[in-house]
Amino acid sequence: MSRQIQILVVEDEEAIRTGLIDVLVFHGYEVDSSATGPEGLSKALTGKFDLVLLDIMLPGMDGYEICDRIRAEDRHQPIIMLTAKTSDEEIIQGLTLGADDYVSKPFSIQQLVLRIEAVLRRSQVGIEQARSICFRDVEIDTENLSGRNGSEELTFTRREIELLKYLALHSDRPISREELLTKVWGYARNLDIETRTVDIHIAKIRRKIETDPREPENLITVRGAGYRLVTET
Ligand code: CA
């Protein structure tokens, strides 16, 4: 995919925040930022970011609580904590709450960029490892773009498989059309693209994996929130 990787920086110290943004933009990332805890959390919960760089001491809500609340919504969101000092206690608490890694301030740019690349690589591997997706009577082979629904043989397009993989990886929550457009199609954010593209693909997939596509049980619509793949029975 050729879209830019999107990183959210949540850091209240202006000099550090600005410095981080400059470095990340220089390395080709698209960056958004927040200077307060609550705003950082609400941006993170949009699910649009490939990575969240999260300071601990923040006005309004600290980084531990933000990390905890992001995890409650999305187990797979990559998060790197920015710890103020190399205090083992801070680091352990951050990692216990589910951060993927930490960087101690003051950090070297090289160290930070290496950590970011490593965390992003691991999250990409996670997506690619979904070789098969199974639920109810449906088995999908994501490598061969094929599958079966009971005794019926199925074939999928590459895009349908990418869409199913993303929905399967995030089956714990509904996914908005906008998120699917950015994460599966690779469109930049804020582009006024017809979300019908998503609906058309969803309809095509439903014809393959649902007993009655008008009454979907597997790929359901969550009103006002998006689509969810129900992989557990
Ligand atoms: Ca701070």
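The expected span of a helix is 1.5 Å times one less than its number of residues. In this predicted model, the rule can be applied to helix α6, which covers residues 158–169. Because α6 has 12 residues, it should span 16 Å, and its end C-alpha atoms are in agreement with this, being 16 Å apart. Much of the helix is covered by other parts of the protein chain: the buried residues of α6 are E160, I161, L163, L164, K165, Y166, L167 and L169. For E160 the relative accessible area is 0%, and the residue is therefore counted as buried, the limit being under 20%.

E160 also takes part in a salt bridge. Its partner is K208, and the closest N and O atoms of the two residues are 2.6 Å apart. K208 belongs to helix α8 (residues 196–209) and E160 to helix α6, so the pair ties together parts of the chain that are 48 residues apart in sequence.

Strand β3 (residues 51–55) is mostly covered, with 5 of its 5 residues buried. In a regular strand, side chains alternate between the two faces of the sheet. In β3, the residues L51, L53 and D55 point one way, while V52 and L54 point the other way, and all of them are buried. The strand has a partner in β1, with which it pairs in the parallel sense over 4 bridges. In this pairing, I7 stands opposite L51 of β3. A parallel pairing over 4 bridges is also found between β3 and strand β4 (residues 79–83). Here V52 stands opposite I79 of β4.

D55, with a relative accessible area of 3%, is buried.

D55 is also linked with E11 and K105 in a network of salt bridges. Within this group, E11 forms a salt bridge with K105, and their closest N and O atoms are 3.0 Å apart. E11 is in the loop between β1 and α1, and K105 is in the loop between β5 (101–104) and α5 (109–128), so the pair ties together parts that are 94 residues apart in sequence. Both E11 and K105 are buried. A search of the whole structure finds 15 salt bridges.

Another salt bridge is formed by R131 and E143, with the closest N and O atoms 3.0 Å apart. This pair links distant parts of the chain, since R131 is in the loop between α5 and β6 and E143 is in the loop between β7 and β8, 12 residues apart. R131 has a relative accessible area of 46%, so it is partly exposed. E143 also counts as partly exposed because its relative accessibility is 49%.

Backbone angles were examined as well. Most residues other than glycine have a negative phi. R136 has a positive phi of about 45° although it is not a glycine. The residue is found in the loop between β6 (132–135) and β7 (138–141). Its relative accessibility of 43% means that R136 counts as partly exposed. L145 likewise has a positive phi, near 55°, and is a residue other than glycine. L145 lies in the loop between β7 and β8 (146–149).

Cysteines were considered last. A disulfide is a covalent bond between the sulfur atoms of two cysteines. The structure holds 0 disulfides. C67 has a relative accessibility of 0% and therefore counts as buried. C134, at 45% relative accessibility, counts as partly exposed.

Technical notes
Residues numbered from 1 in each chain as written. Predicted model: local features only at pLDDT ≥ 70, side-chain atom pairs only at ≥ 80, totals over all residues. Heavy atoms only, no water. Helix = DSSP H or I, 4+ residues; strand = E, 2+ residues; numbered from the N terminus. Buried < 20%, exposed > 50% of the residue type's maximum accessible area, 1.4 Å probe, protein only. Disulfide = S-S within 2.5 Å. Pairing = 2+ DSSP bridges. Salt bridge = Lys/Arg side-chain N within 4 Å of Asp/Glu carboxyl O.
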